[in-house]
Amino acid sequence: MRYSQMLIPTTKETPAEAEVVSHQLLLRAGFIRKLTSGLYTYLPIGLMAMQKVENIVRQEMNRAGAQELLMPMVQPADLWQESGRWKNYGPELLRFKDRHDRDYCLGPTHEEVITDIARRELHSYRQLPINLYQIQTKFRDEIRPRFGLMRGREFVMKDAYSFDVSDEAAGESYKKMHEAYTRIFKRCGLEFRPVEADSGTIGGSFSHEFMVLADTGEDTLVICRECDYAANVEKAKVVLPKKGEQADQELLECIKVATPGMKKVDRVAEFLGVTPEEVIKTMIYLADGEPVAVLVRGDREVQSVKLKNLLNVTEVELADDDTVWKLTKLPVGYIGPVGIPIKLVADQEVMQMVNAVAGAGEKGHHLTGVNPDRDFTPVITSDLRQITVEDSCPLCNGSLELTEGIEVGHIFKLGTNYSEAMDATFQDKEGCQQPLVMGCYGIGVSRVVAAAIEQNHDPNGIIFPLPLAPFQVIVLNLGLKNEETTAAAEKMYLDLQAAGLDVLYDDRDERPGSKFKDADLLGIPYRVTVGKTWEKEGRVELCLRRSGETSTIDYDQASAEVAAMIQAELRSTENIG
RNA sequence: CGGAACGUGGCGCAGUCUGGUAGCGCACUUGACUGGGGGUCAAGUGGUCGGAGGUUCAAAUCCUCUCGUUCCGACCA
């Protein structure tokens, strides 16, 4: 492409609305423009970058044996009523009516539609396994869209759905997708980790998220330093150490002490001369509206996703002060497990505590010498707290580290949730009707572009990994007033293009400074400059965006040499795995 | 949903407190010079100050309502 003919509206200044670096750079480099909150136009060069991702995804999905199709974005409500999600998907599902007053929604995902296809078209075990995917715009009415392409309301997603004869076969399909995803993100040139994940509203039994490691990530991951274990903190299992010496401690009596005005664990602990580890924290949650008292050690935090899963509800929220008052006739701060008239659940760790401090269930008072089982008995005891770096790896007992990540892919073993709800069955070898065993697999294509930038940038702009770069090489003509130089630059452009490269030719009547700055901002990995060095020595300059490394090459060899370098680098990414 | 901030040419902002002819930088147009890291000079184009209502002789500025955008939070007792 000739730069002079392409719409690439770069800006010198950072738009005020952009907070994170990928959003800032996508705007500054002329990749996207906002229409309204969470909705973006992909300008030509932004679309090119996204199509690079799409192509890699498409190639790897096809290689894994999946077939591409395309489903409607508008979906009828009755399908969602069948699956039960019309009720429980929540306000992220944008619903509306057509002129006949029939209910529809914009697809945030396509399990219902694909299951409908499956029950109509898949009838025999002979047709299985099969994996169908699409690359399509999704709409989710996010509470709070932010960070540009990282959390938009409308975004481009690759979603795939597998159908198998058995749970075991579905496991194979899942494994294939795990491998395909690993190849995809490697080929994109991203630093990422697959982690164990919660399966969320999609449902299902087992899932992994693919996380691009970046500080601006919205998720926190825990990674083992010694083995391959990695998990989202929402999921990461806390392993309890064996009971220590406190197990043999003599149990003291419960004694009520006055702790006026002391609502926070730290204050109470300090006042009573104990550590927060010796305090039991009691929290009132509303689980789908039902009150539940949750116990964790004073220095711990409840992991609400774990709580949600334990209680098998769609939403948990911490009760506000008024609700707490209504339920317990207590101000927040003095609630305790002893004699509490609310369903009680406890983190497993609490059950090991001996002679603990807890709220007395009386304003301005706490109890000392509180002991589980003797003084209170939870209905359920489970792993409910957030993992910390002090915990050890659930697999190898090794030490853990926490890191931030951006979720770019998520794979789920769905089982028969949808096929049973929607009656999608096939006939097995014995002639029996069986529910299809499903898996679903998503990649946030537009988010991959943002994540790549989050991970690859410097103060001058984007640094695209070669496989994702909208252009692989930019040719700068710095001798626009000189016909010979211009002819040489033009020929360089055409030669590189003829070598099969994606080339941007900067033929604009701009000063050199602007051309350099724009080339850097756009993040094009290779830059070839035709200018003074060509006029004097017959050589062109080659500059690598990532390292800044510059060298000169004889003009006659340059196009072949640059093409060879780029092709070699691309091959090295494609041969992964 | 709760809290906060902001809305003034395409972008970034000043002006609002203390009402009195709408300004600056960038971008854009024309010309000249310049030509290797966002150049200089000169002359220009472009804004009913988010919208509605009110107060006033007079409103970007004060008051009320409204719309939009962004950020933070969503409660650890």
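Is Glu142 buried or exposed? Hold that thought for a second, because here is the housekeeping that goes with a predicted model like this one: local features need pLDDT of at least 70, side-chain atom pairs count only at pLDDT 80 or more, and totals for chains, interfaces and linings use all residues. Residues are numbered from 1 along each chain as its sequence is written, chains are lettered from A and ligands numbered from 1 in the order in which they are written, and side-chain values use heavy atoms, with hydrogens and water left out.

Okay, back to Glu142. With 14% relative accessibility, Glu142 is buried, and buried means under 20% relative accessible area, while exposed is over 50% and partly exposed is in between, using a 1.4 Å probe and protein chains only. You'll find Glu142 in the loop between strand 7 (130-139) and strand 8 (154-164). Helices (H or I, at least four residues) and strands (E, at least two) are DSSP runs, numbered from the N terminus. If we skip neighbours within four places in sequence, Glu142 touches Glu92, Arg151, Gly152 and Arg153, where contact means heavy atoms within 4.5 Å.

Now, the RNA. There are 51 residues around RNA strand B, and Arg144, Val332, Gly333, Asp520 and Glu541 come nearest; near means that a heavy atom of the residue lies within 4 Å. Of the RNA atoms that come within 4 Å of the protein, 47% belong to sugar and phosphate. That surface splits into 17 nonpolar, 10 polar and 24 charged residues, with Asp, Glu, Lys and Arg as charged, Ala, Val, Leu, Ile, Met, Phe, Trp, Tyr, Cys and Pro as nonpolar, and the others, Gly among them, as polar. Helix 13 gives the most, with 8 residues.

What about the bases? A backbone N or O atom of Ile284 sits 2.9 Å from a base nitrogen of RNA strand B, and a backbone N or O atom of Val302 also lies 2.9 Å from a base nitrogen. For Asp509, a polar side-chain atom is 3.3 Å from a base nitrogen.

Strands 14 and 16 run antiparallel, joined by 3 bridges, and Ala287 stands opposite Val316 in strand 16.

Key. A polar contact is a pair of N or O atoms within 3.5 Å; within protein, one must be able to donate a hydrogen and the other to accept it, and residues adjacent in sequence count only if both atoms are side-chain atoms. Two strands pair if DSSP finds at least two bridges between them.
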